[in-house]
Amino acid sequence: MGFLDGLWRGRAAEFDSGSASSNSIELTKRHDRVSLTKQGAATGHLRINLTWRMRTSDIGGSQRESLLRHPFKALKPPEVVGHSQSMVNVDLDLGALYELTDGTKGVVQPLGGFLGDANGPPYVKLSGDDRFGSASGETIYVNLDHRENIKRLLVFVYIYDQTPAFDRTHAIVTLYPSNGPRIEIGLDERHPQARSCAVVMIENVKGEIWVRREVKFVYGFQAELDRLFGWGLQWGRGYKTKAER
């Protein structure tokens with residue numbers, strides 16, 4: 001089934017949007033896709049950013065218990081707690097499987113140092129490896145000025161060689177197009193044993209660039225995501241060097 005099969009004929013897709021001040025679109029299960037072409041954003045560099053922080057409910061005991069003991073805390077805004085290695089042994093990494101129109105396939109990810117290239121094939125570049133969930137997070141750049149060479153990209157997040165902790169981290173993948181609102185996909189589903197998540201598919205369909213929410217958690221790594229989406233690559237066990245760690 002093609003991913004456009006769910007659209008009603010003659011009816012434009014609707015989206016769950018943030019406030020006007022936030023200038024964002026949230027992709028959800030109900031409204032799961034947007035056309036960059038239709039909003040005039042299918043050119044320039046598409047920036048894809050991963051950030052995460054610890055869930056406040058996992059720090060300092062139950063939030064419900066805290067509110068019962070201190071009811072006036074309900075009037076205070078929730079505290080944003082930054083990620084640190086002492087809190088949890090987790091390392092979220094951002095990556096992307098790519099397929100070009102000439103049939104070339106591969107991966108861009110911190111593991112193995114496959115950082116890609118924005119100005120040449122695959123026209124996808126990873127900025128680096130954020131080990132501790134800093135404010136800047138990890139970023140992938142997609143050069144949509146070469147969109148005619150890109151068939152599809154699957155953006156994914158995985159936990160490298162650590163205890164699975166998707167249920168303890170609040171992770172958000174945000175797409176910043178060259179024009180129009182940013183696009184947000186939250187990884188809020190509770191899958192405590194999952195090690196990887198296919199987050200979003202970017203696909204060239206007859207010259208139109210579509211972004212589709214996936215948010216499919218798996219218990220394995222890239223090879224399992226490959227099988228799920230039919231990429232057909234060969235995978236082996238990889239390790240980060242000390243510099244990458």
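1. The model is predicted: local features need pLDDT of at least 70, side-chain atom pairs count only at pLDDT 80 or more, and totals for chains, interfaces and linings use all residues. Numbering starts from 1 along each chain as its sequence is written, and side-chain values use heavy atoms, with hydrogens and water left out.

2. Start with the sheet. It is open and has 6 strands, in the order β3-β14-β13-β10-β5-β6, with antiparallel pairing. The edge strands are β3 (33-35) and β6 (105-108), and each pairs on one side only. From one strand to the next, the twist averages 20°. Strands are DSSP runs (E, at least two residues), as are helices (H or I, at least four), numbered from the N terminus. Two strands pair if DSSP finds at least two bridges between them.

3. β10 (residues 150-159) and β13 (residues 196-205) run antiparallel and are joined by 7 bridges. Tyrosine 158 stands opposite serine 196 in β13.

4. Helix α2 (residues 222-229) lies across β5 (92-100), β10, β13 and β14 (208-218). The helix runs at about 125° to β14. Axes are lines fitted to C-alpha atoms, for helices over the stretch in contact, and angles run from 0 to 180 degrees between N-to-C directions.

5. Is leucine 153 buried or exposed? Leucine 153, in strand β10, is buried, with a relative accessible area of 2%. Buried means under 20%, exposed over 50%, partly exposed in between (1.4 Å probe, protein chains only).

6. Leucine 153 touches residues including Leu97, Val142, Met201 and Trp231, not counting residues up to four places away in sequence. Contact means heavy atoms within 4.5 Å. Leucine 153 and valine 142 are 11 residues apart in sequence and 9.4 Å apart in space, C-alpha to C-alpha.
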